Amino acid sequence: MPVVAVLVGILMDAIGRKRSIQISFLPLTIGWAIIALAPSVVMICIGRFITGCAIAMDPVVVVYIAETNEPKIRATLLSLTGPTVLIGILTSYILGHFIYWRTAAAILSILSAVSFFAIFIIPESPVWLISRDKVKEAAESLKWLRNNQMTTVNAELDELLQAKLSKNQNETEESFIRTIIRTKAWKPFLILTSYFFLQQLCGTHIIVYYAVSFCDAFGTRVDGFSSSLVYILLSLFFALVFTCIIEHTGRKTMTIVSAAGMCLSYLSAAVYQYVWQNTPDNPMNWFPLVCIWISVGFSMIGMNSVPWLMAGELFPTQVRGVMTGVLWLTVYIYIFLCVKLYPLVVSLVKIYGVLMIFSVSGFVAVLFGKFFVPETKGMSLIEIESLW
């Protein structure tokens, strides 16, 4: 996934956002088909590898949504990526639980193939088209996206052309590194990589991967399917809450509220586990699990949602594709390291120690949100570029 994430950044800048999204459904279709027909475990692993390549192409969807929508609804539509991913995961869980696994994989392969053809309906990103001097195609794209509201179309087209003209006057033949330095793309990159780093230290992925282990550590007997189902349903509910409120609140506010809630939830669970660690029959042994569920809710209204949203907003147009791909590479590495190191860390500092790490990370994230997260609510992508 990290390797493909970088390649897709180059791909979306070279052939466009729409085609890149469409191409991503090919490995999904092929990978799930291989899993459905696999005669051996090796072939199942190959199918998983291929579907992993497709999942790594997610950045192009975020970029496409950011570039095709007006500022007043961009945040809402970007935030919907969370709920839709969760609905997909939930669907896969249910299919895998109630249907023979080969049949479930075949269904997912068919859905991926249908999605490939469905992409023909949508237009290319007008921002990308303008960057390639395809003004006529950009105008047609905006007409489709804005439902032929010509006043809006002409105003947006003029803004994009003015921004393009301004860049052309300053641009010369230069290396990619010089482009990064000139556009100050390193600033949003540092902000986003720091945000995602804190996101992982707050345990957002560790909890979902080790849901059963957490239940065992708390002395709560919950089977794997039920614990995963509760996590997904909670995440989905609060992701929808985030979608409903993001246009009315700022990125900074949601980050601070989310991080503070996670900090206090983890701290409560850590204190409980430390106090009752040597007691066979803990009173209210459900308490730490409820704290974890509360932290999941808080994470979905900020720490686990805002950085994905902002990833589509902050980078300058010239390097948005490649830099988003590089950003995704770092995120996948963060997730991999946190998930793989968790068993070692919990063996050294116990479960209450891990929860304290999560809590302290939440507190640091509050400060990060206060002093470093930029407020982009209601701003156009061109206005956001001017921040740097």
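A search of the whole structure finds two cavities of 30 Å³ or more. A cavity is a set of points on a 1 Å grid over the protein atoms alone where a 1.4 Å probe fits but cannot get out; lining residues have an atom within 4 Å of a point. A volume is the space filled by probe spheres set on the points, which are joined across faces, edges and corners.

This is a predicted model: local features need pLDDT of at least 70, side-chain atom pairs count only at pLDDT 80 or more, and totals for chains, interfaces and linings use all residues. Residues are numbered from 1 along each chain as its sequence is written, and side-chain values use heavy atoms, without hydrogens and water.

| Largest | about 120 Å³ | H17, four residues |

Twelve residues line the largest cavity; Ala211, Ser227, Leu289, Ile292 and Trp293 are the closest to its centre. Helices H14 (211-217), H15 (224-245) and H17 (287-300) each give two or more residues to this lining. Helices are DSSP runs (H or I, at least four residues), numbered from the N terminus. The lining of the second largest cavity includes Thr204, Tyr231 and Ser299. Helix H13 (204-209), helix H16 (251-275) and H17 each supply at least two of its residues.

The structure holds zero disulfides (pairs of cysteine sulfur atoms within 2.5 Å). For Cys202, the nearest cysteine sulfur, that of Cys263, is 8.4 Å away. Cys244 is exposed (over 50%), at 56%.

Technical notes: Buried means under 20% relative accessible area, exposed over 50%, partly exposed in between (1.4 Å probe, protein chains only). On a 1 Å grid over the protein atoms alone, a cavity is a set of points where a 1.4 Å probe fits but cannot get out, and a pocket is an open set with protein on both sides within 12 Å along at least five of seven lines; lining residues have an atom within 4 Å of a point.
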